Amino acid sequence: MELTPRKKEILKVVIENYISTAEPVSSKAIAAQMSTSVSSATIRNELADLVEMGYLEQPHTSAGRIPSPKGYRLYVNELMEQRALSLQETEEINRALQMKMQELDGVISKAGQMAAALVNYPAYAMASGTPGLTVQRFDLLAVDANSFIAVVMTGDSRVKSRLLHTEVPVDSDQLTALSALLNAQFTGLREEEMNQKLMSLSGQTPGPLFMTLSLAVEYATSVIEGGERSRVYTTGANNILKLPEFRDADKAHELMSFMVENTENLPVPPAGTNMEILIGPENVNEALKDTSVVVASYDIGDHMRGLIGVVGPTRMDYATVAARLSYFAEGLTKMFGKQEKESLLPGLKEDTKE
């Protein structure tokens with residue numbers, strides 16, 4: 001079934017309405033916002049197709065539609081309009097950045113508090129140190145034909161995991177064999193040594209399996225690079241209670257407890273990635289399955305990277321959160337005396353330049 005331009009427009013209308021209202025969206029509301037006149041019957045047919053394709057969900061038989069994680073992912077990747085910050089927003093962020101430079105711990109903690117205030121969601125801040133760890137153990141766990149979870153235990157007994165997607169199918173037996181290869185050849189090595197070992201095996205490993213092996217090694221090197229992270233701060237967890245998605249006290253308590261007690265498992269973007277958006281089940285940790293996480297990185301200097309992340313509902317206003325977090329991260333980089341990073345959102349520099 002083809003995802004036509006009209007289906008995409010309907011999906012965009014549903015998502016943006018649901019972001020604003022947190023209520024299922026009806027065909028009548030959609031018809032009122034379409035760029036061209038479309039009958040209610042046609043819209044209902046298109047909605048049924050979008051549900052069948054997995055982009056929308058229908059909570060009840062007579063209810064309107066709500067987006068699925070797959071729908072949000074398409075929206076973020078293709079449909080979301082790039083949002084330039086207003087002058088008022090940039091001034092607000094710039095004022096917040098005029099903090100007195102004190103000890104790094106205080107600056108990182110304050111940065112997390114400011115991020116939470118800027119987006120009204122729980123936030124976390126991290127400062128990662130110079131890479132120095134090695135991998136002690138690998139495990140590759142099958143999810144489906146084209147995805148698996150890579151689990152890495154580092155030398156200090158920390159365990160990290162990430163859902164990885166492959167371009168070619170791999171089965172559980174192949175993943176077991178690759179796990180054995182990784183544990184035999186790649187444990188106890190520094191980042192550069194792992195890359196060298198990977199290249200030495202390129203001619204000895206079948207192409208499809210080498211691609212999967214490369215994904216696992218790439219993830220392991222990103223874990224090593226960010227492994228000496230000694231500063232993690234969370235703030236604004238009580239913002240969860242303001243969200244209709246977390247009216248259930250047990251559900252809210254689970255997420256709040258995770259952010260306070262499991263800071264080492266909060267998402268971290270791969271090295272070299274300025275921003276990462278994880279939607280719903282893309283988050284490996286069970287406590288984050290019903291949330292979306294947006295994380296931006298900035299340069300602290302002295303081979304250190306800082307991270308600012310926010311945790312919110314899957315219906316969060318991705319364009320606004322991404323724009324504010326991006327600008328804030330760039331401001332932190334400049335505050336630490338580094339060159340301004342290339343904007344994460346095209347047009348942002350031009351629109352927000354003083």
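User: Which residue meets Arg315 in a salt bridge through the side chains?
Analyst: This is a predicted model: local features need pLDDT of at least 70, side-chain atom pairs count only at pLDDT 80 or more, and totals for chains, interfaces and linings use all residues. Residues are numbered from 1 along each chain as its sequence is written, and side-chain values use heavy atoms, with hydrogens and water left out. A salt bridge is a side-chain nitrogen of Lys or Arg within 4 Å of a carboxyl oxygen of Asp or Glu. Arg315 has such a bridge at 2.3 Å, N to O, and the partner is Glu245.

User: Is Arg315 buried or exposed?
Analyst: Buried means under 20% relative accessible area, exposed over 50%, and partly exposed in between (1.4 Å probe, protein chains only). Arg315 has a relative accessible area of 10%, so Arg315 is buried.

User: Which residue forms a salt bridge with Arg73?
Analyst: Arg73 is in helix H4 (residues 69–79). The side chain of Arg73 comes to 2.6 Å, N to O, from that of the partner, and the partner is Glu282.

User: How many residues apart is that pair, Arg73 and Glu282?
Analyst: Arg73 sits in helix H4, while Glu282 sits in the loop between strand E8 (275–279) and strand E9 (291–301). Glu282 counts as partly exposed because its relative accessibility is 24%. The bridge from Arg73 to Glu282 links distant parts of the chain, at a separation of 209 residues.

User: What separates the C-alpha atoms of Arg73 and Leu278?
Analyst: Contact means heavy atoms within 4.5 Å. Leaving out residues up to four places away in sequence, Arg73 touches Ile277, Leu278, Ile279 and Glu282. Arg73 and Leu278 are 205 residues apart along the chain, but their C-alpha atoms are separated by 8.6 Å.

User: Which residue pairs with Glu46 in a salt bridge at 2.9 Å?
Analyst: Side chains of opposite charge can pair when their charged atoms come close. The side chain of Glu46 meets its partner at 2.9 Å, N to O, and the partner is Arg6. The two lie 40 residues apart, Glu46 in helix H3 (residues 40–52) and, in helix H1 (residues 5–21), Arg6.

User: Which residues are linked with Arg6 in a network of salt bridges?
Analyst: The Arg6 bridge to Glu46 belongs to the protein's total of 13 salt bridges. Arg6 is linked in a network with Lys7, Glu46 and Asp49.

User: What is the relative accessibility of Thr154?
Analyst: Thr154 is in strand E5 (residues 147–154). Beyond four places in sequence, Thr154 touches Leu133, Thr134, Val135, Gln136 and Val223. Thr154 counts as buried because its relative accessibility is 2%.

User: What share of contacts in the protein between residues at least 6 apart join residues at least 24 apart?
Analyst: The protein has 12 helices and 10 strands. Buried residues make up 49% of its 354 residues. Among contacts between residues at least 6 apart in sequence, the share joining residues at least 24 apart is 63%.

How values were computed. Helices (H or I, at least four residues) and strands (E, at least two) are DSSP runs, numbered from the N terminus.
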